[in-house]
Amino acid sequence: MKTIANNLRLFWQGTMLSYIALFAWLRPTTYIASKILMPLAQILFFTFLGSYASGGSNVDFYVIGNAIQITAVSGIFGVTMSIGGDRWAGTLPYLFGTPANRLMMFFGRAFMHIIDGALGVVIALMWGALLFGVDFSQTNMSALGLTILVTTISTCGLGLLMGCLSLITANVMFVNNTVYFLLLIFSGANVALDTLPNWMQAFSQILPLTRGIASARILIAGGSFSQVAPMLMSEIGIGLIYGWLGYMLFKWFELQAKRKGTLETV
Amino acid sequence: MNFKNLFVYWRTVLTVAEITLRHQWNDSFILFAILVQPMIIAVLALFMLRGLGGDYAMFVVVGSGLTGLWSSLLFISGNSINAERWQGTLESLVAIPTPFEVIIFGKNLANVVQSLISMTSSYLLAALLFGYTLKMVEPLLFLGSVLLSVFAFISFGLVIAPLFIMYRGIQQWQNAMEFPVYILAGFLFPIALLPNWTTPISYILPPYWAARALHETSTGAGDVQKVILAWGLMLIFSVIDLFIASKLFKVMLYKARVDATLETE
Amino acid sequence: MNSIEVKNLKRIYRATTGVIRRTTKEIVAVDDVSFEIKEGELFGLLGPNGAGKTTTVKVLATLLIPDAGEVRVKGLDIVKDANEIRKHIGFIFGGERGLYWRLSAIDNLRYFASLYHVDPEISKKRIPYLLDMVGLNGRGDERVQGYSRGMKQRLHVARTLLHDPDILFLDEPTIGLDPVGAREFREVIRNLQSEKKTILLTTHYMFEADSLCGRVAVIDKGLIVALDTPSALKKHVSDLSVVEVETFGVAEEVVEKIRNLPFVDALSVKDQDQRQLLLVQTKLGAEAVPDVMAALDGMRVGRVTVREPTLEDAYVRLVGGQV
Ligand SMILES: Nc1ncnc2c1ncn2[C@@H]1O[C@H](COP(=O)(O)OP(=O)(O)OP(=O)(O)O)[C@@H](O)[C@H]1O
Ligand SMILES: [Mg+2]
């Protein structure tokens with residue numbers, strides 16, 4: 001019982017600390033700029049581009065796709081920063097010196113970003129309703145909520161893997177930015193996947209977000225939960241696989257670093 | 001900036017530009033801003049605009065190239081003064097006989113010219129990978145438009161950089177300023193899609209006139225008169241921007257000497 | 001003729017802290033400083049950490065605006081005529097920063113030469129000459145990134161001599177150099193002086209000031225506490241002797257006790273690994289030793305010597321024992 005409590009505390013501390021550390025230097029206005037305006041601008045851009053492409057007939061498709069995609073801002077950038085932050089701050093050796101449960105420590109870093117990411121999607125969808133008149137009257141709201149949560153979790157899973165890569169490469173931001181932008185194509189946020197070449201479609205299927213976006217579109221159009229349930233199962237499975245790979249990499253990194261004494265220099 | 005300075009110091013401007021390019025040639029952030037992001041946007045737009053028919057590929061090439069120009073102006077030129085401060089070189093650039101804005105002009109020249117790579121790479125992508133036959137309708141006018149756009153972007157960058165330094169509050173919005181200009185300047189879709197009230201904002205953005213001139217000359221959508229109008233406005237904006245910049249730089253440098261902000265610890 | 005005139009210079013830093021409740025703290029870095037430097041003179045500015053040396057130099061180098069006072073370089077006003085002044089000055093702020101690390105030394109120099117409007121024909125000859133002078137010949141094509149600290153500092157010297165300025169501001173140019181490097185560096189400075197350049201040098205090292213400077217100003221807490229030639233400054237303490245006592249882990253109270261002995265004029269402590277060297281300045285000379293030992297009260301002591309005062313001792317006395 002005591003170890004569980006300990007682990008919970010560790011989980012929570014990692015969560016809060018990483019989040020506070022990340023935004024401590026930011027002012028409220030920066031938070032608004034990065035969490036509300038930047039996503040809005042991106043949604044607007046792709047939605048206008050989409051409506052230019054489709055002659056204005058298919059606005060919902062783009063609004064929903066890009067709104068769900070917003071979760072990747074927290075899922076990839078946020079999570080990576082939380083993990084990489086220790087390296088930049090030089091606190092990694094201290095962390096690895098503690099007996100703390102690595103699993104808790106690791107996943108704790110993603111927790112706050114799950115909430116943050118889900119919130120971001122909700123705000124984005126509200127923009128969609130407000131500015132583009134996306135209609136939620138036929139929507140099973142709790143199923144949509146679950147979809148958002150599941151998609152956010154799976155994206156954070158990818159983020160955890162990216163975050164661990166950031167412990168190894170020097171060009172974290174380059175890799176993150178590239179992955180984020182590639183998701184704009186491959187997640188189907190902006191192009192109907194079945195119009196893409198086969199190899200691209202295949203690649204889409206092993207990424208998070210793809211099924212989440214598809215589910216959200218179905219649900220908002222009035223589809224039922226049972227229609228999307230299998231997709232959500234796969235979505236969360238994919239996320240867990242990425243998260244697990246990240247965790248393995250994290251352990252491997254710790255081992256290597258300790259063996260070679262490269263904790264600070266890598 | 002005092003126009004005269006450009007003639008007096010042209011040699012310095014070129015050296016600054018050359019050294020800037022060499023200093024940052026393998027910077028991964030720049031690689032992303034001028035190569036990766038515009039190419040991904042180009043791929044997306046090529047897929048999305050397929051149904052439009054006509055010359056949409058050329059339109060996408062120019063438009064996605066423009067996104068690279070703007071992003072690099074916003075992030076690289078916008079941060080050029082800050083970057084020198086972090087390196088500890090800002091003091092050595094201020095306490096010298098060359099006016100500071102001449103140096104930043106040279107740096108912006110390097111950045112803007114370098115970000116023309118965006119358009120080139122989008123062109124190659126569309127032509128080679130996607131197999132489009134791209135044809136430039138008015139090559140000479142297009143070239144003129146490129147030159148004027150470069151000048152307009154540099155001048156605009158000279159206003160942004162000191163503003164970012166003097167008002168941290170503005171710089172916080174930097175990330176949120178990237179896509180709005182893509183939208184308002186009509187890089188990849190006409191601004192007619194936007195609500196009417198945004199049109200005046202577009203008109204006061206030099207990137208909007210650059211986009212018009214480049215799109216009209218490459219796809220042949222506009223007649224010569226329209227192109228000349230865009231050129232004229234780019235020139236006017238450049239002159240205004242250079243004038244504002246010269247005032248801003250004066251105030252900024254004085255303020256930095258008062259507040260001791262030329263270096264960071 | 002005076003190259004540099006500083007009259008009642010005052011400079012305050014204002015630091016704002018806190019996000020929600022903003023408070024402004026004022027730090028008076030330079031309170032009231034006046035001095036003059038003649039053409040061709042090598043002038044030293046000495047003082048403990050935070051005394052205001054760098055601040056003074058930055059005002060002179062047109063990088064800070066004074067809050068009060070009048071500062072002239074070559075008769076020109078530091079605020080109004082900054083641009084004109086900049087053609088004639090060079091400066092180094094000790095340390096490694098301030099160079100483009102991803103460029104070669106030659107590119108760095110080429111860049112700054114062009115910013116100083118050195119004619120390309122001239123800089124083509126001047127860059128190799130300067131590299132040679134600071135002992136970097138043959139390594140000019142390497143990226144600065146791979147340079148050692150001393151090499152970077154020497155590159156700074158080359159950088160600041162590109163436009164052949166008459167006036168040089170050197171802020172702790174030898175900081176962080178090994179003894180050999182520092183000695184070579186001082187040789188470079190001596191050569192510069194023989195070229196009739198006016199030099200303002202700040203340093204923590206007494207012997208450096210002693211061996212290089214014609215006159216020295218000692219600055220403490222933003223005020224000049226003494227200004228004279230090194231030998232005249234030494235005369236301030238010529239009636240004193242210095243008792244050096246090596247101790248092992250002496251307590252703060254004991255040091256205070258000795259400091260308060262009636263015959264002690266000044267006391268400073270130099271830390272050397274496990275040992276501390278107590279430097280007791282006194283008119284009594286060797287006669288003070290028994291009383292000092294008594295105050296140490298049976299503690300383990302090492303070597304005890306009595307010697308003549310140096311410039312450093314004069315300095316210690318002027319700034320009240322804190323080095
Ligand atoms: N940018 C700044 N903002 C706030 N305070 C500053 C700043 N720069 C210096 N100070 C303060 O002003 C005082 C004088 O600093 P200065 O750097 O001039 O001293 P110094 O004599 O050069 O010291 P050192 O020997 O350590 O180099 C110090 O108290 C310092 O903390
Ligand atoms: Mg100093």
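Contact here means heavy atoms within 4.5 Å. Helices (H or I, at least four residues) and strands (E, at least two) are DSSP runs, numbered from the N terminus. Axes are lines fitted to C-alpha atoms, for helices over the stretch in contact, and angles run from 0 to 180 degrees between N-to-C directions.

This is a predicted model: local features need pLDDT of at least 70 and side-chain atom pairs pLDDT 80 or more, while totals for chains, interfaces and linings use all residues. Residues count from 1 along each chain as its sequence is written, chains are lettered from A and ligands numbered from 1 in the order in which they are written, and side-chain values use heavy atoms, with hydrogens and water left out.

**Stop 1: the sheet of chain C**

Select helix α10 of chain C, residues 289-296. Helix α10 lies across β11, β13 (275-282) and β14 of chain C, at about 155° to β14(C). Now show the open sheet: four strands, in the order β12-β13-β11-β14, with antiparallel pairing. Strands pair if DSSP finds at least two bridges between them. The edges are β12 (264-272) and β14 (301-307) of chain C, each pairing on one side only. Neighbouring strands are turned by 15° against each other on average, direction ignored.

Zoom in on β11 (residues 241-248) of chain C, which pairs with β14(C) over five bridges in the antiparallel sense. C:Val243 stands opposite C:Val306 in β14(C).

**Stop 2: a helix pair in chain B**

Select α9 (residues 139-166) and α13 (residues 206-219) of chain B; their axes come within 9 Å and cross at roughly 170°. That makes α9(B) roughly antiparallel to α13(B) (over 145 degrees). Colour the contact residues, including B:Phe153 and B:Phe156 of α9(B) and B:Pro207 and B:Leu214 of α13(B). They divide into 11 nonpolar, four polar and no charged.

**Stop 3: the cores**

A core is a set of buried Ala, Val, Leu, Ile, Met, Phe, Trp, Tyr and Cys residues joined through side-chain atoms within 4.5 Å; buried means under 20% relative accessible area (1.4 Å probe, protein chains only).

**Stop 4: chain A**

Chain A has 11 helices and zero strands. Buried residues make up 55% of its 266 residues.

How values were computed. Angles under 35 degrees count as roughly parallel, over 145 as roughly antiparallel, 65 to 115 as roughly perpendicular and the rest as oblique. Ala, Val, Leu, Ile, Met, Phe, Trp, Tyr, Cys and Pro count as nonpolar, Asp, Glu, Lys and Arg as charged, and the others, Gly among them, as polar. Buried means under 20% relative accessible area, exposed over 50%, partly exposed in between (1.4 Å probe, protein chains only).
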